[in-house]
Amino acid sequence: MAIILSEMDKAFIGEIRERGGFDIRACVQCGKCAATCPLSLAGFPFYIKKLIHAIECGMREEIMEDPSMWACQSCNRCVEVCPQDVKPYEVLLALRRAAVRELSVPGNTIEGLRNYYKTGHAVYPKGYQAKRKAVGLSEEPPSTLSFPEMLEQLQEFLRNSELNEVGLFPMKKEEKK
Amino acid sequence: MSKIGVYVCHCGENIAGAVDCKAVREYSESLPGVTVAREYLFMCSDPGQDIIKQDIKAGLVDRVVVAACTPRTHEAIFRKACEEGGINKYLCEMANVRDQDSWAHWHDKDGATLKARRLIRSAVAKANHLEPLMESSGDAIKSVMIVGGGVAGMFSALDLAEMGIQVYLVEKEPSIGGHMIKLDKTFPTMDCSACILTPKMVEVAQHPNIQLLSYSEVESVAGHVGDFKVTVKKKARYIDFDKCTGCGVCTEVCPSKVKNDYNYDMDTRKAAYIQFPQAVPKKAQIDSEHCLYFKSMAKTGKPACQICQKGIPAKKVAGCPANAINFGQKDEFVDLNVGAILLATGFKPMPKDPFKEYSPQSPNVVTAMEFERIISATGPTEGELQRPSDGTKPKSFAFVSCVGSRDKKHHTYCSKVCCMYMFKEARIVKEKYPDSEIYLFFIDVRTPGKDFDEFHTYCREMGMHVIKGSRVSAIDELPNGNLRVRGFDSDLGQAVEVEVNMAILATAIEPAAGTEEFARKFSLCQGAEGFLKEVHTKLYPVETSTKGVFLAGCIQGPKDIPESISQSRAAASAAAALLIPGKITFDPLISEVNADKCSGCGVCTPLCPYGAISMVGTNGDTRAQIESVLCTGCGVCAATCPSRAITLHGFSTEAVEAQIVTLARRYR
C-alpha cells in the first residue's frame, strides 16, 4: 500500500520539534546515522534515519505502532556522526516524549517508571539485601532507599512533572504513617 | 641523407611502466636515417626539450621524432622546441607510444615494447619524407557577430565592445533578454531576474560599439576566420523602428487577440504588440500572421482593419500618435563583414505534451518555465498565484524532476539546472505563502555549485517535503482538478502518493530550434544529443571545429546562469585574442592541388566538408582549386583524387605510404 503523503499528520513534525527535535528539518537523508545505528544493524524497521524521514512525512500512527524507537540504545553515535548537526538522538527522545503522551509505551517502561516513583530505582531486583549483607555492605544501598526524605523529594518532583499529567500510573502522595 | 633524432619519453611511469624504454632506444639507433636516440623521464619538460634543442644546435640531428604521448596536446610544444633549436618546426613527428601503446597494453609488457618499436619505426620512415613548411597569415577584421541576445550573448557583446571591438548582436525575437528575463527570481541568490538583467539590456542597447539587430535572423554566411561575410535578415515589423516610441497605443487599440507565446500561450496579446514591458528595444511590431489587415488583404485584397494606424475617428479613438505604422514594410537584408562569429542561441525547455503519464491535458500540470511565468509579476496573472483550471489559489504543489532528462526515450543527459530551479520555485511560493504544502520528487538531489547545496538545505529547513529515490510514475487528474502524484520514497522504502492542487514538471533543456541548421550553416559538429560540440571539452570549451566560430551558453549544453555568463565571457576573450593582433596565422598542414596533374574531374568538390574546393577555368579546361584559409587539412580530397593531384602538406602520399609499409612489415 502506498503511503498517501497528503493525508498524513502534518502537525507531527511540529510536535517533535517542540519536544526537543528542533533541528530535524536540517536532515538531508544522507544516511550516515543509519550506517552506525544499532537499530539498523539489528534490523529494526524504523532505524533513526528512516524515523526522521517518517516524522517529516507525518507518519505518526506507523511510528507509534512500531517498537523501534524503544530499542534505541542511547549510544549517541548518530549525534557524533551527523554532518548536518540534526542531533538525531534528540529527535528520538522527542519522539519518545510524544509517544508517552499518547500512552504508546511498552509495558515494561510503565513498570520501570512505577518502580522509579516508588523507590527511586527504575530497575529494582528483589532479594539483594542478603547478598549485600554477605559482602559486608549495608542492606540498602546509599540511595533514596536509605534516605526516605530524598525519595519524598523525588516523588514531589515527579508529581509536578508532565509525567503525572500523562497518568501512566497513579502518583499519590502517600500519607505519613 | 637526413639525420633523425629519436627521443623516447618515459612519461613518468605512463610509458616506462609498460614499455622497456631502454630497449626501444637501442632499437631506434639501428633505424635507417637515425643518428641519435635518447630517452628521458619527461620529454615535454624544460630539460627534456633542451635535449632536443642541443642536439639540433650541435648539428647532430635535422629531423626529430618524439615517441611520447598524443600530438593533440603535445605536438605544438615539440614543434616549438625544434624551431628554437634552429630547424623548421614541421620537421617534427610524433609516435604516440602512450595512448596507442602503453595505456592500451599495460598488462603485456613485451608486446607493448614490440609495438613501441613498430610505431617509432613507422614515424622515422615518415620523418624521412617530411618537408619544411611555412605558415601563412591574413588580416583579421576587428568585429564580431553574436547570434542570440540572451544572457550569454549579451555578456559576450559587452566584453567585446568594451575591448573596442565592433559587435553586431543578432536576436530573432523582438527584444533581447532571452529566457532569463522570463524568470521571476534566480538561484542561489534569489535576485529578481528582471532587476539584474534589465540594466544590462539597456547597456547593450546603448553601447556605442554594439549594433543591435533585433527581430533578425542570419540568412547566410560565407568567408572564413578573420573575414566572414554574413547576410542578416531584419524581419519586417510593419512599424517604423525609428518613429516608434514604444507608447503602446497600437497594442491597446488593436482588435486582434492572439495567444501570447512569451507566456507560453497562457494568456493573450494583440497582433500589434510589445513583447514585454521591459523590452529592449522597446518597440512595437505587428504579427502579420494574425493581423486583420494582412489577413483580409490576402483574402479579399481590401483592408479590413487599420485601427492601429488611423484609430476609429467616429469613436474618437486615436491611432499611432507617431505615425509609425507601415503596412508596406518589407524584410530588409543587411550585409556584415566580421572577423569572428559567436553563437549563443541557447536552449528551449521541453513542452509537457510528450509525457502522457503525467496528464499533460490538465491545465494544472505545467512545465517549470510556465510556472515561472505564473509566479512572475509580469506573467499572465501579474504575479497572482492562480490555478490555471479555475483561478483559485493553489495550496499544495508537487514538483517532478527529470522529466525528459536522464531518459533514453528523450534525452540521456542531466539538464543540470532542474534540481535547483525546482527548489527555487518552491521557495518563491513558500516564502510568499508559508502555509503551502510542497512535495519535491527527485531521483536524487543534484546541487553542485557555489552556494547551491546550502540553498537545498535551507529549503528543507523551510519545511518542504523532499522525496528521493524515484522518478514519478504517474500523475492522475482527479474530478476536482487536483492531481494525484505517484512515486516511490527510497528513504521509506515504500510507494507514496500525494494529492495536490498543482503539479510542476521540470522538463529537460533541449537545443534551441534551428541549432541543427546552424551546425550546417557554420560547418560545426553537433553532438548526438543535439548541442553543438566544442573542440575539446576541457581545454577548448568555447572553440568549434570551424576556426573563428565560438560557442557560449546553452547552445553547447545545459547550463545555469552563472555558468552561461562565465562561458560567454570566456568566448568573448577567445574571440578577442584571435582578432586583436590584427593578423591571423594559418596552419600550413593543408591540401594543395597540383594543376598540372588535375584532370578537372570534380570528384573532390562535393566531398569537402568545408566547401573549400572550387573548379576554376573555362571551356572544359577546369581545375580544382583549394581556398587555403578554408581548408582544415582533413585530407578527404587528397585521399579521393584519382589522379593523385592533391597533396596534403605534412602528409604527402610518399610519407604516408612509407609509414604504412613500415608499420605493416613483420616484427623484427
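Which residue takes a positive phi in the hairpin of strand 11 of chain B and strand 12 of chain B? In this predicted model, that residue is Gly226(B), with a phi near 90°. Chain B comes to 18 helices and 34 strands, and 47% of its 668 residues are buried. Chain A is assigned two domains, and 14 of its residues are in contact with chain B.

- Strand 11 covers residues 216-224 of chain B and strand 12 covers residues 227-234.
- The two strands are antiparallel and share eight bridges.
- Two residues lie between the strands of this hairpin.
- Within the pairing, Thr231(B) of strand 12 stands opposite Ser220(B).

**Chain B overall**

- The C-alpha trace of chain B spans about 95 × 75 × 40 Å along its principal axes.
- Of the contacts in chain B with a separation of 6 or more, 69% are between residues 24 or more positions apart.

**Parallel sheet of chain B**

- An open sheet in chain B is formed by four strands in the order 2-1-3-4, with parallel pairing.
- Its edges are strand 2 (34-40) and strand 4 (92-96) of chain B, each of which pairs on one side only.
- On average, and with direction ignored, neighbouring strands of this sheet are turned by 15° against each other.
- Strand 3 (residues 63-68) of chain B runs parallel to strand 4 of chain B and is joined to it by five bridges.
- Ala67(B) has Ala95(B) in strand 4 of chain B as its bridge partner.

**Helix 5 of chain B**

- Helix 5 takes in residues 109-127 of chain B, 19 residues in total.
- From first C-alpha to last, helix 5 of chain B reaches 27 Å, close to the 27 Å expected at 1.5 Å a residue.
- Helix 5 of chain B is largely enclosed by the rest of the structure, because 16 of its 19 residues are buried.

**Surroundings of Ala426(B)**

- Ala426(B) belongs to helix 12 of chain B, which runs over residues 418-432.
- Ala426(B) counts as buried because it has 23 C-beta neighbours inside 10 Å, where the cut-off is 20 or more.
- Leaving aside neighbours within four places in sequence, the contacts of Ala426(B) are Phe399(B), Ile438(B), Leu440(B), Cys459(B) and Met464(B).
- Ile504(B) is 78 residues from Ala426(B) along the chain, and their C-alpha atoms are separated by 9.9 Å.

**Interface between chains A and B**

- On the chain B side, 18 residues are in contact with 14 residues of chain A.
- Helix 13 (452-461), strand 23 (465-468) and strand 26 (494-500) of chain B are the elements that give two or more residues to this side.
- Strand 26 of chain B gives the most, with seven residues.
- By class, the chain B residues on this side are six nonpolar, five polar and seven charged.
- Strand 26 of chain B also pairs with strand 1 (residues 3-4) of chain A, in the parallel sense and over two bridges.

**Domains of chain A**

Key. Residues are numbered from 1 along each chain as its sequence is written. Chains are lettered from A and ligands numbered from 1 in the order in which they are written. This is a predicted model: local features need pLDDT of at least 70, side-chain atom pairs count only at pLDDT 80 or more; totals for chains, interfaces and linings use all residues. Domain bounds come from an automatic or database domain assignment. Two strands pair if DSSP finds at least two bridges between them. Two residues are in contact if their C-beta atoms, placed from the backbone, lie within 7 Å. Ala, Val, Leu, Ile, Met, Phe, Trp, Tyr, Cys and Pro count as nonpolar, Asp, Glu, Lys and Arg as charged, and the others, Gly among them, as polar. A residue is buried if 20 or more other C-beta atoms lie within 10 Å of its own, exposed if 12 or fewer, and partly exposed in between; C-beta atoms are placed from the backbone. Axes are lines fitted to C-alpha atoms, for helices over the stretch in contact, and angles run from 0 to 180 degrees between N-to-C directions. The expected span of a helix is 1.5 Å times one less than its number of residues.
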